Structures are given as structure tokens and as C-alpha cells.
Amino acid sequence: MVESTKKLSPKWVNQLDQEVKVWQQEGIINETQAGAILSRYNNLRQKDEGGRLVTILAIIGAILLGAGVIMFFAANWQAMAKGLKVAIVLGSVIIAYAAGYYLTFEKQNYPRVGRALIFLGTVLYGAGIWLIAQIFHISSHYPNGVLFWFLGIIPVVLVCRSLSVLIEVSLLLTLWTVLEQTGFENYNWLYLPLLAVILGLGYYIKSRVATGLTLAGTVFWMVLGGFVSFKGISEIQGIWFVFLLVMVLGWLIYSMGNLQGMMEKFSFMKISFQIVGLLAFFLFLFLATFEWFVPDFYSYYGTERNFNYSGFFMVTYGLAALGATGSGLWVLLKGKGDSSYRREGLLILTVSIILMGLAFLAPWLSKGEYLAIANLLLFAVIVTVIVMGYYNKEAVLINFGLVFFVLDIIARYFDFFWDMLPKSVFFMAGGLLLLGGGFLLERNRRKIIREMRVMNHEV
Amino acid sequence: MRSKLWFTLAVGLQIAVLLIMIGMKLFTLTYGTKVLLQTLPVDPWDMFRGDYVTLNYVITQVDLKKVTADKKEYKHNERVYVGLKKDGKYWVAKSVSGQPPDDGSLAIKGKVNYYDEMSKIISINYGIDSYYVPQHEGRKIENARVLADVEVSVDRWGNSALSKLFLEGKEVQFQ
């Protein structure tokens, strides 16, 4: 039996089946050997694609049914007595759970539909909170409705190990902090301990998707917290600093992915952290290279510097940058002797130190210096990430690097040539550049990834 | 982990949350003192947002020059108790305090929205400022510039619950 944490997909097993047949025909292996090779991957073969389709259909059904119930109430609102409404709300929650439990665990003949019914129960429970608030005209602090919703269904994740409910929880966590921070302009510190709990649940049921979605929510928390903190003290200049915050957050997440990559037990989560971290880092660094967002720290009236750091910025930025630096050092020191860890560690450390320096230097820089630094940093990290992805055989790095390389070129093309060239020439030249660039990139990307596969096999 | 007991407990927790929500409001509605509050004229365009009426009470804005207050300054989100007294048909604010009254008199609990030092006016949110109505039902009332009176139940801990909405003295009922 093969551990499923190794990156082998059912698709790969199907290909193997056909290859083994050919080997057998060519006399490379005999029938017993063929049987031994194939039986090694039996546990991967059991995952049938049809089952996943059933799950997806059942979940969509549950969402539609839940939405229908909410709308039915909204429309038939005062036609029913309060008591009847309450009874229907509670009754529908209990029936959905009971039926789900019966089909999944008791009878065990319709586990997928049963799990979808349990998911429906969690949706109906949330709907119940809002309906009861409506019935009794409760209007105090509405984000609490979402808070009690996802807190209430966490036990279901624990008991049933349900991925769909965990995804629901992690999306509700993000929704809650967005409502709380936009509606009431606070930092919502309670988000952090709850985030830790919900990330823990992702490890508990070993879901990369749920963990990735939960991590992505941190970007919302950081952006909103940053804007709230700069409100009233340095609103315009604050925008760029919020970008800087998300960059360092993304970098922290990426570095934590690498850290986990070194640990046998957690290495399966590396990819979620890498994708979310790099996406946040590159996206906001890319935004920071646009002239519109670059702040002017000198007031219009003279040369007096005019910028105040917010407390929230200093605390979160400091902690995130320290965390990333620490992870970088750890990867560097613990992975001694291994050149791929050395490369990872050095990259993490260098970027962390540059980000820390930027936060201190920023208010003293002129607009031009700013743009130069942001553009240089973006370009340098893109190139480094592509090169490192090639040497460390990590396709995700190469793909991220190439996507942002293309975006960067398009953006700079617009920046520099929009005013200079006649529009027709601008578009024609741009089109040719893109087509040509796309052709070259596609050919080279395929080549690189193919070479990586070959190298992997040699290893 | 598949045990029925744990699953039942998980579901039971959710039912308990819903029942507590209901129970708290039912308690306040049943055992609380009924007070009639006057609302300020509502701009008809603002009145119906989605399917609820936004109510702006006279006691939402309390002038600290006119009532007794236990503090010089109030912070955003601070919990306060507003003492109520009957003045003719309506109940009005008589005091603002960080503590519930110890003499058993009626006070409604709220959170400070903001405090304006210049005018000494404190704005308080009591969590009873939305009255949900059926979809599209509110349109009729929307065009009429009317004053709304609201019957609110206030229990001895200061919790409040909306019970009835009156427009021009008539109770609003949607059937």
C-alpha cells in the first residue's frame, strides 16, 4: 500500500495500468510482477470520480434547499404565528440532522447524500439565527449572527470530519470579520484565536483546500484592519502601507509553508501555504508598483514630512516580519547541507529583511525612488522565484513567477507607452508582443516542467 | 467519534443557541415593563431599507445637559443604562449611567454610538432600531410622512425587545 500523501493521482494510476500492460507484452516484466506493481496502488484506485460528482450535486442541492427555506420564510412572513414559525425553524434543523445521521452512520447506504443533509442542517441552523432575529426584531450587532453560526457548527466538523462544513466554517469566519471590520471599524482581534482554531481543524481533517481558504481570509482581516488603523491619521499614504502589510503577511504565510515542508508530519500542507502566501505577496507587490497608489509624504506646502505610523501597523507588521525572518533562519539552519533548503531560507530571509527596511525607509523616499524600489523588488523576486522553482523542482513557484512576469510586462507597457505612441500602433505592438511572448513562454515553461519531471525520475 | 451521543450533543448545542435567542426575547416581552417610545420623523426615503423599518427614537440622542449622568465622558461602544420615566403618553430619558439603577427603577440597556463633547449629546444604540416587515409591504407607508410610536418591553436587567409598531396611533399589522 502506498501513502496517499505522495503526489500520486488516480489519473496517474490509470496511466500506470496501461504502461504495465505494455511492459508485460514487451516481456520486460512477467505476470506476477505486473500484479505486484498494480496491487501496490490499489488504495489510490478506489477513489472513483463518480462519487465526487454525487457529493457536489448533493451539496448544491443542500444549498438550494437551504436558500429556498430562507426565502419561503421571508415571503410568508406574517401569515404564520410566531410559535409556528419557531417550530418550523427548529424542526427543519433537527430533521435535516437526523436524516443525515441515519443515512450516513446508521444505515450507511447513502453516505454522500447523508453528509449533504448534515451540511444542510448547518445551513438551516444559520438561517434559523437570522429568522429568529427577524421574528423578534433583534437588531443588535448583526456580525454576531455569523459568529454564532460558525461557532455552533464547529462541533459538527469535529464529530463528522466533514470537509464541506469546514469550508463553510472558514468562509463564514472571513465573512464575519469583514462585516465586523467594515460595519464597526475595529481591528477584531478575536479573529486571531478563532483563526488558529479553524486552521487547526484543517489539519485535523487533513484538508488543503479548507486550510487555503481559511488562510486567504487573513488577507481580508489585514487589509481592513490596516485601513481602519490609518483612518484619520494618514489616509492617502496609508494605502501603500496596507499593501506593505499584506505583502509581509503573504511572505509570512509562504515562509510557514516552507517551514512545514521540512517536517514529515506537516509537509502535506506546504502547498496551501505556498499558494496563498505567494498570491497575496505578488498581487499586492504588483499593485504597489502602480503610480496611482504611491503616496506623497511631503505636504504640498513645504518639505515637511507628513506621515504617522499606526499602532496596528507597527504591531502586525513587526510580528509578521519577525515571524518570516525566524522561519527563514530556521529553514536555513535546520536544512544545512541541503542546497534546496539553503536557497529557500536565503530567499525568505532576504525578502523579509528588505520588507522590514522598506517599512522604515518609506516615509523618507521620494515618489520616484519608491516606484524604482517597488519595481526592482517585484522583478527581482519574480526572477528568483522562477530560478529557484527550477532548481528545487517546484512547479508552483515557476507558474506564479511566470504569471506575474507577464502581468508586470503588460502593466509597464501601458505605463510607458500609452502616452507616447499613437493608439493604433500601441495596440498592434502590444498584441504582437503578447503573442510572441506567449509563444516563447509557453514553449519554455513546458520545456522546464518536462525537464523537472525527468530530473525527478533520475533522483 | 461517530458516536450518536457526540452527534446529538453537537446538534443540541445549535438548538440550544436558537432556544436561548428565543428565550431571552420571550422573557423580556412577557415579564418586561411595556413602555411607549416616540420616534423622530423618519425620512421616507431612509425608512425602508430592504425589508425592515429603521427606527430613530427620541431617546437615541440624549442631551446630557438635561439629564443626570454619572460620568463626564463616554466612549464608543461603552455599555450604558438609560433611566426612563413616564412623561404623559411617552417614556423619556431621565438619567445615563454605567451601572444599572439599584433602586429598582426602570432603565434600558444600550451601547454608546458616539458622544459629542461640544453639544454634550450622547447617541445610544439599544438594538431595537429595526422593525422587520414583509417584503414590499412597507411601500404603502413609505410615501406618507408619519410619526411612529413603538411599544418596547424592558425587563429588570435593562434588556429590551420590540413588541408593537404604531403609525399615527394605529398598530401596524401585516396579514
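Author: Let's start with a cut-off: a residue counts as buried when its relative accessible area is under 20%. Keep in mind that this is a predicted model.

Reader: Why is Lys270(A) called buried?

Author: Lys270(A) has a relative accessible area of 16%, and buried means under 20%. So Lys270(A) counts as buried.

Reader: What makes Lys270(A) and Glu344(A) a salt bridge?

Author: The rule asks for a side-chain nitrogen of Lys or Arg within 4 Å of a carboxyl oxygen of Asp or Glu. For Glu344(A) and Lys270(A) the N to O distance is 3.3 Å, so the pair passes. The two sit in distant parts of the chain, 74 residues apart: Glu344(A) is in helix 14 (residues 339–361) of chain A and Lys270(A) in helix 12 (residues 270–288) of chain A.

Reader: And how do you know whether Glu344(A) is buried or exposed?

Author: Glu344(A) has 3% relative accessibility, so Glu344(A) goes down as buried.

Reader: Which other pair in chain A forms a salt bridge?

Author: Arg412(A) and Asp408(A) do, with their closest N and O atoms 3.0 Å apart. Both residues are buried. They are separated by about one helical turn, because they are 4 residues apart in helix 16 (residues 395–417) of chain A.

Reader: What about Asp63(B) and Lys65(B): how far apart are their closest N and O atoms?

Author: The gap is 3.6 Å, and the limit is 4 Å, so this pair is a salt bridge too. The partners fall in separate classes, though. Asp63(B) has a relative accessible area of 18% and is therefore buried. Lys65(B) is at 59%, and exposed means over 50%, so Lys65(B) counts as exposed.

Reader: Which residues are joined into one network by salt bridges that share partners?

Author: Lys270(A), Glu344(A) and Glu394(A) are. Over all chains, the structure holds 8 salt bridges.

Reader: How many salt bridges does the rule find across the interface of chain B and chain A?

Author: The rule finds 1 there. Glu106(A) and Lys4(B) supply the side chains, at 3.2 Å from N to O.

Reader: Which elements give two or more residues to the side of chain B that touches chain A?

Author: Helix 1 (4–31) and strand 10 (130–132) of chain B do. Helix 1 of chain B gives the most, with 16 residues. By type, that side of chain B divides into 21 nonpolar, 6 polar and 5 charged residues.

Reader: How many residues of each chain are in contact, and what area is buried between them?

Author: In contact are 32 residues of chain B and 35 residues of chain A. The buried area is about 3100 Å², and carbon and sulfur atoms give 69% of that.

Reader: Back inside chain A, why does Trp176(A) count as buried?

Author: Its relative accessible area is 1%, so Trp176(A) is buried. Trp176(A) is found in helix 8 (residues 163–184) of chain A. Beyond four places in sequence, its contacts include Pro143(A), Phe150(A), Asn188(A) and Leu194(A). Asn188(A) is 12 residues along the chain from Trp176(A), and their C-alpha atoms are separated by 9.7 Å.

Reader: What about Thr218(A), buried or exposed?

Author: Thr218(A) is at 7% relative accessibility, so it's buried. Thr218(A) lies in helix 10 (residues 208–230) of chain A. Leaving aside neighbours within four places in sequence, Thr218(A) is in contact with Tyr191(A), Leu195(A), Leu249(A) and Ile253(A). Tyr191(A) turns up among the contacts of Trp176(A) as well.

Reader: Stepping back, how many helices and strands does each chain have?

Author: Chain A has 17 helices and 0 strands, while chain B has 3 helices and 13 strands. Buried residues make up 45% of the 459 residues in chain A, and 46% of the 175 residues of chain B.

Key:
Residues are numbered from 1 along each chain as its sequence is written. Chains are lettered from A and ligands numbered from 1 in the order in which they are written. This is a predicted model: local features need pLDDT of at least 70, side-chain atom pairs count only at pLDDT 80 or more; totals for chains, interfaces and linings use all residues. Side-chain values use heavy atoms; hydrogens and water are left out. Buried means under 20% relative accessible area, exposed over 50%, partly exposed in between (1.4 Å probe, protein chains only). Contact means heavy atoms within 4.5 Å. Buried area is the accessible area (1.4 Å probe) that two parts lose on being put together, summed over both. Ala, Val, Leu, Ile, Met, Phe, Trp, Tyr, Cys and Pro count as nonpolar, Asp, Glu, Lys and Arg as charged, and the others, Gly among them, as polar.
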